[in-house]
Every structure is written in structure tokens, then in C-alpha cells.
Amino acid sequence: MADQVGYRQHALCLSPAEPDELIAELRAAIAPRLSNLPSPERAQYLLSPIHFPVEPPQQEAE
């Protein structure tokens, strides 16, 4: 990708607690870059994470 435009989509199986953990981890990875100032070496990128459940969690049979 010469222009570094990309799209990634992954299907994940997560417990009820894991989406919050994942979001925290993504924030931790992204947050340090938010303070980068414009410079001749830097181009602006738009990063748009979208999280949504595909289906409700499966309930265990009693």
C-alpha cells in the first residue's frame, strides 16, 4: 500500500468483560500519539475504530 490507506476487520469471540479490556488496550496504544504535533515529517491520519456486537452472548443451558 503505497498510500498506507488500509482497512482491517476481525471477528473476535469475547467474554462480557473482554470488550472493556480491549478498548482500554486500544486507548493505551493510541493515546501517546494524540499529542504528536504537525511537522514536515508527519502526515495526518484518520483512525476510526468501530466496535459493535455481532450477536448476543450465548446463555449456558441449565
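Modeller: Helices here are DSSP runs of at least four residues, and they are numbered from the N terminus. With that naming, valine 54 lies in the segment after H1, and please keep in mind that this is a predicted model.

Biologist: How many helices and strands does the protein chain have?

Modeller: The protein chain has one helix and zero strands. Its radius of gyration is 17 Å, well over the 11 Å that the globule rule gives for 62 residues, so the chain is more spread out than a compact globule.

Biologist: And what box do the C-alpha atoms fill?

Modeller: Taken along the principal axes, the C-alpha atoms of the protein chain fill a box of roughly 60 × 25 × 10 Å. As for two individual positions, glutamate 60 and valine 5 are 55 residues apart in sequence, and their C-alpha atoms are 42 Å apart in space.

Biologist: What share of the residues is buried?

Modeller: Buried residues make up 0% of the 62 residues in the protein chain. The accessible surface comes to about 6,700 Å², and 57% of that belongs to carbon and sulfur atoms.

Biologist: Back to valine 54, then: is it buried or exposed, and why?

Modeller: Valine 54 counts as exposed because its relative accessibility is 76%, and the cut-off for exposed is over 50%. Together with Ile50 and Phe52, Val54 makes a nonpolar surface patch of about 400 Å².

Biologist: Switching to charge, which residues gather in the patch of negative charge?

Modeller: That surface patch brings together Glu18, Asp20, Glu21 and Glu25. Glutamate 25 is found in helix H1, which covers residues 18–30, and at 53% relative accessibility glutamate 25 counts as exposed.

Biologist: Where does glutamate 60 lie?

Modeller: Glutamate 60 lies in the segment after H1, and it is exposed, with a relative accessible area of 75%.

Biologist: How many positive and negative side chains are there over the protein chain?

Modeller: There are 4 positive and 9 negative side chains in the protein chain, and the centres of the two sets lie 18 Å apart.

Note on methods: Residues are numbered from 1 along each chain as its sequence is written. This is a predicted model: local features need pLDDT of at least 70, side-chain atom pairs count only at pLDDT 80 or more; totals for chains, interfaces and linings use all residues. Side-chain values use heavy atoms; hydrogens and water are left out. Patches are made of residues with over 30% relative accessible area and no salt bridge: like charges are joined within 9 Å, nonpolar side chains (Val, Leu, Ile, Met, Phe, Trp, Tyr) within 5 Å. Accessible areas come from the Shrake-Rupley method with a 1.4 Å probe; for residues, only the protein chains shown count as cover. A salt bridge is a side-chain nitrogen of Lys or Arg within 4 Å of a carboxyl oxygen of Asp or Glu. Lys and Arg count as positive and Asp and Glu as negative; His and the chain ends are not counted. The place of a charge is taken as NZ of Lys, CZ of Arg, CG of Asp or CD of Glu. Helices (H or I, at least four residues) and strands (E, at least two) are DSSP runs, numbered from the N terminus. Buried means under 20% relative accessible area, exposed over 50%, partly exposed in between (1.4 Å probe, protein chains only). The radius of gyration is taken over C-alpha atoms; the globule rule is 2.2 Å times the number of residues to the power 0.38.
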